[in-house]
Amino acid sequence: MTVEQQPATEAPAAYLERYGQMLLIRLFETEMQRLFLKGEVHGTTHLCAGQEAVPVGVCSALEPDDYLAGTYRGHGHALAKGTDPRSLLAEMLGRATGVCGGRAGSMNVIDVAHGLVGCFGIVGGSIAAATGAAVTAKRQGRVAVAMFGDGATNQGYFHECLNFAKVLALPAVYVCENNFYGEFTPMLKVTGGGDITSRAAAYGIPAQTVDGNDVWAVREAALEAVQRARQGRGPTLLECQTYRHHGHSKADPAKYRPPEEVERWLARDPLNVAKARLAEQGIAEQEIAEVDDAIKARIEDAVQAALAAPYPDPAAENPTEFAP
Ligand SMILES: Cc1ncc(C[n+]2csc(CCOP(=O)(O)OP(=O)(O)O)c2C)c(N)n1
Ligand SMILES: [Mg+2]
């Protein structure tokens, strides 16, 4: 059966799998932070720790050949869509074994083999890319998902693409990761009306506000949206409310966020929310510990492999249109 026909409640093994996928992203980001501070990562990084439940929940509702466009905060988008952590980590370190041959770095990963049509440094760019992919997806019976931040909903892309997708009844799912800040600016200070979900009504698009720290809440909302898209009933907007644990990028200490607010969100860490759910399902701590060990080993292997991999050799490259 396809993912959309699955009941919303999953088997215990699937609960563990979702937890493991989120932990994979969290530990990947922890390593990225460490490697960045060591000077191993060239260019910048935007970590998504704290926001893992959104891509994992959304991708759990997709088929492998559905499309997804992510952002510069995109390590979780890629890993949830199926990019191998080994090739993603190598990409972060600029190595030839990276998913883009070491040429994309942190912000511009693309992995077409896994339906990742790109990650975009331009705020809102993912919305346009996914809308374009949705035109193709419509012919193929596939679905295209755009991941983007709250800040992107004030970009022209958002409004043009939602309108276009509605008019053409495109199989698109627009997933806003509302982490309440765009760089150092609170979302409410720059968002007219103060509400992202209600913006969809202007285009006649169904929309839902979702607990973006609960992977199963995200999954349920995504299953409904993906089913709507696949049945030819057009696009959906999901506003998934979540929070980034780190600053905007690099070494931003995020001093502009009130400590009580940070504490409130840390108490609802998506990994803890998931663990509580695993306990409710009667999943033993030992089983969770086994997942923890397996994911730790996987990340450690990816780091060692990346550090040992060669850099690309410019002399061996084919000329491009930019060559003199
Ligand atoms: C078109 C454009 N304008 C400005 C920037 C600079 N910029 C990079 S990230 C960012 C904040 C975007 O915030 P949001 O969409 O909420 O995503 P988040 O970083 O919170 O995930 C800005 C303004 C950019 N990259 N692209
Ligand atoms: Mg934001």
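Modeller: Let's take E3, starting with its partner E1: the two run parallel and are joined by 3 bridges. Strands here are DSSP runs of at least two residues and helices (H or I) DSSP runs of at least four, all numbered from the N terminus, and two strands pair if DSSP finds at least two bridges between them. Before going on, a word on the source: this is a predicted model, where local features need pLDDT of at least 70, side-chain atom pairs count only at pLDDT 80 or more, and totals for chains, interfaces and linings use all residues. Residues are numbered from 1 along each chain as its sequence is written, while chains are lettered from A and ligands numbered from 1 in the order in which they are written.

Back to the strand, which covers residues 144-149. Across from Ala-144 in E3 you'll find Tyr-67. E3 also pairs with E4, again in the parallel sense, over 6 bridges, and there Ala-146 stands opposite Tyr-174.

Zooming out, these strands belong to an open sheet of 6, in the order E2-E1-E3-E4-E8-E7 with parallel pairing. E2 (116-120) and E7 (207-211) are at the edges with a single partner strand each, so one side of each has no neighbour in the sheet. From one strand to the next, the twist averages 20°.

How many residues of E3 are buried? It's 6 of the 6, so the rest of the structure largely encloses E3; buried means 20 or more other C-beta atoms within 10 Å of the residue's own, exposed means 12 or fewer, and partly exposed is in between, with C-beta atoms placed from the backbone. Both faces are covered, with Ala-144, Ala-146 and Phe-148 on one side and Val-145, Met-147 and Gly-149 on the other.

Helix H5 (residues 125-140) lies across E3, as well as E1, E2 and E4, and runs at about 175° to E3. That angle, on a scale from 0 to 180 degrees, is between N-to-C directions of axes fitted to C-alpha atoms, for helices over the stretch in contact; contact means C-beta atoms, placed from the backbone, within 7 Å.

Val-145 is also among the residues touching the most other members of the largest nonpolar core, which has 86 residues. Such a core is a set of buried Ala, Val, Leu, Ile, Met, Phe, Trp, Tyr and Cys residues joined through C-beta atoms within 7 Å. Val-173 contacts Val-143 and Val-145, among others.

How values were computed: Contact = placed C-beta atoms within 7 Å. Lists of a residue's contacts leave out its neighbours within four places in sequence.
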